[in-house]
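This report describes selected features of a predicted model. The sequence and structure are shown first, followed by notes on individual residues and on packing.

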Amino acid sequence: LSGATAQLVWAQSVTEQIGSTQAKIKQLEGEIVATEKELTKTQQEKNTLANTVKTLDLTKKKLETQTKVTETQVTNTGLSIATLERQIDAHSNEIDKRIENIKVTLRTLEATLDITPVEIVLSDRTISDKIDRAYGLERLQDNIQLDLKRLKNERTELSSDKNDIENARNNLLALKSRLQDEKKLTLDNISIKNKLLSETKNKESNYKTLLEQKITQKAAFEQ
């Protein structure tokens, strides 16, 4: 080849190399822009996941606190039920005693009212004494019956209170169960989100490394 031809071939080769280099630089610039977009998107995902995990952690702590409060309420209602049961038993025993007293009073009253005129004459007590005693026993019986009615009413009220508290305890136990279920779901969610967060952090790290490589390659072509 002549000198002119060789020069022309060399110039054409240089031009092609420059064109190839510029094309590669342009390609790298496009890849850098795309990588930056993916990196930004990944960072946003990471931040969103991190915020979600933080929110779920707060939810978990709230549920744990609510569960502890509910457990305390269940314990307290259990104590209240036990107290009411003792009171109901005491009232039942008292009612049994009063009923026995009424039986004794009725037997005494019956014996007093069934006395014959001959027995009255032979007795050292007057008819008036017998009648007064009978009336006194009747009044005593009335008082005992009123007292018995009051005790029965109190027992009924205590039984009603016990039923109300038992219903409240059942509701609290149901609430505790729901809170535990919610806590389990929250923990499962946290586990899933933490796994995604870890994967997203790895992806972010990979994009950063890739971006650095693209920038380094571009700088090498530009020299």
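## A buried threonine

Beyond its neighbours within four places in sequence, T35 is in contact with Y207, L210 and L211. T35 itself lies in helix α1. Its relative accessibility is 6%, and T35 therefore counts as buried, the cut-off for that class being under 20% relative accessible area.

## The largest nonpolar core

The largest nonpolar core of the model consists of 5 residues: I95, I102, I144, L148 and L151. Two helices, α1 (3-113) and α3 (127-222), each supply at least two residues of this core. The largest share, 3 residues, comes from α3. As general background, nonpolar side chains in soluble globular proteins tend to be buried together.

When residues up to four places away in sequence are not counted, L148 touches I95, R98, I99 and I102.

## An exposed glutamine

Helix α1 also contains Q22. Is Q22 buried or exposed? With a relative accessible area of 51%, Q22 is exposed, because the class begins over 50%.

Note on methods
Residues numbered from 1 in each chain as written. Predicted model: local features only at pLDDT ≥ 70, side-chain atom pairs only at ≥ 80, totals over all residues. Heavy atoms only, no water. Core = buried A, V, L, I, M, F, W, Y, C linked by side-chain atoms within 4.5 Å. Buried < 20%, exposed > 50% of the residue type's maximum accessible area, 1.4 Å probe, protein only. Helix = DSSP H or I, 4+ residues; strand = E, 2+ residues; numbered from the N terminus. Contact = heavy atoms within 4.5 Å.
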